[in-house]
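Here's a quick tour of a protein structure for someone seeing it for the first time. Have a look at it, and then we'll go through its pockets and a pair of helices.

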Amino acid sequence: MEKRVFLIVLDSFGIGAEPDAAAFGDEGTNTLGAIAGHPNFNCPNLKKLGLFNIDGVTAGETTDAPAGAFARLQEQSMGKDTTIGHWEIAGVVSPNPLPTFPNGFPEELIQEFEAKTGHKVLCNLPYSGTEVLKDYGEQAMKENALIVYTSADSVFQVAAHEELVPVPELYRYCEIAREMLKGAYGVGRVIARPFLGSSAETFYRTTNRHDLSLKPPRATMLDLLKEAGRDVIAVGKIFDIFDGQGVTEKIKTTGNTNGIAFTKALQTRDFEGLAFVNLVDFDMLYGHRRDVPGYAAAATEFDRFLADFIPGMREGDLLMITADHGCDPSYTKTTDHTREYVPYLVWGKGVKPGVDLGTRLCFGTIAQTVCEYLGVDASSLDGHSVLQEILK
């Protein structure tokens with residue numbers, strides 16, 4: 001029997017603050033709690049799978065007969081960013097946080113970047129991605145400058161107007177930055193942020209974003225699956241997050257709607273292995289922008305996809321739904337990610353319904369379960385499989 005796993009990361013879909021959230025400045029945060037009561041939120045299929053039955057979830061209504069197995073996962077890594085979260089999902093815990101730059105990057109590094117790109121740098125501070133365009137976009141156009149900014153996450157972001165700095169050229173500048181940013185400056189991601197528009201009021205970020213990540217420190221689930229001859233299909237920014245390591249096929253997307261469509265199309269294809277999907281709009285468009293209505297509507301869109309996707313699953317398919325961190329859209333203290341538990345929902349024709357797995361330490365639970373299901377040795381990875389607990 002052909003075995004396929006569809007692992008879908010709802011980027012930033014946290015379900016409540018972790019015990020150490022206060023140390024990250026995120027005490028009391030709850031992404032799911034922020035959106036579940038909004039009129040735009042209508043997720044009967046997530047409810048049916050057991051989302052509201054998960055340990056510690058107080059939002060929404062439980063169901064008496066969950067169709068899937070469900071758990072609350074606690075992050076073991078010392079971080080709350082995309083890179084560390086996905087590495088842990090793939091079985092690699094990061095005991096040390098990636099470097100952040102709350103006061104901007106060192107002047108000597110910025111000067112070196114200016115010299116290598118031939119462009120002046122503006123900003124060099126932690127900033128909201130939309131606000132930075134309002135405050136620096138017009139100056140960047142006048143001076144043909146690059147806008148460099150960071151956040152509470154380990155990122156070096158470079159924004160440039162597409163009509164002045166063509167997208168391939170911006171990508172080249174980000175490759176220069178990636179080469180520079182190593183060791184003590186080794187941020188998790190260098191992100192190209194192209195934008196268009198003619199004034200502070202009209203600037204907008206385009207879909208030509210590109211992430212250049214650090215390579216994982218050791219082999220991940222993706223590497224092990226690929227080495228064992230399994231397919232590893234990366235949908236969305238998965239390829240970028242892992243710098244391509246362990247990926248056998250890359251599918252670029254422009255957002256949630258596009259990513260959902262590609263995932264549905266993959267369901268009709270024959271492959272043996274993993275389809276690893278990231279739906280970025282939850283985080284990028286709604287979480288960071290503290291847009292509760294938008295986040296709730298995006299959850300509803302995904303739920304409608306499930307209504308179509310689940311009936312089309314084959315005998316050997318597993319569907320797994322999770323997240324990489326939180327980004328509570330109601331939390332106005334910051335616009336950054338939030339340190340939260342994440343959901344883990346599993347459904348398949350061979351999965352026992354209603355299995356409550358409680359709270360599990362380590363997102364690597366996912367990697368171990370995926371590898372065991374696909375018959376690949378994962379003894380080098382962190383986490384513990386729950387496969388034997390959920391299979392019929």
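By class, five nonpolar, eight polar and ten charged residues line the largest pocket (Ala, Val, Leu, Ile, Met, Phe, Trp, Tyr, Cys and Pro count as nonpolar, Asp, Glu, Lys and Arg as charged, and the others, Gly among them, as polar). This is a predicted model, where local features need pLDDT of at least 70 and side-chain atom pairs pLDDT 80 or more, while totals for chains, interfaces and linings use all residues. Residues are numbered from 1 along each chain as its sequence is written, and side-chain values use heavy atoms, leaving out hydrogens and water.

Thr207, Arg209, Lys252, Thr253 and Val280 lie nearest the centre of the largest pocket. Helix H10 (281-287) is one of the elements that supply at least two residues of its lining; with three residues, H10 gives the largest share.

In the second largest pocket, the residues closest to the centre are Tyr127, Gly129, Gln157, Arg193 and His288. Here S6 gives the most to the lining, with three residues, and strand S6 covers 189-196.

| Pocket | Volume | Lining |
|---|---|---|
| Largest | about 410 Å³ | 23 residues |

Now for the helices. H4 (residues 107-117) and H6 (residues 167-180) pack at about 140°, with axes 10 Å apart. That makes H4 oblique to H6 (angles under 35 degrees count as roughly parallel, over 145 as roughly antiparallel, 65 to 115 as roughly perpendicular and the rest as oblique). Their contact (heavy atoms within 4.5 Å) includes Phe113 of H4 and Tyr173 of H6.

Definitions and conventions: Axes fitted to C-alpha atoms, helices over the stretch in contact; angles between N-to-C directions. Helix = DSSP H or I, 4+ residues; strand = E, 2+ residues; numbered from the N terminus. 1 Å grid on protein atoms, 1.4 Å probe; cavity = no way out; pocket = protein on both sides within 12 Å on 5 of 7 lines; lining within 4 Å. Points joined across faces, edges and corners; volume = space filled by probe spheres on them.
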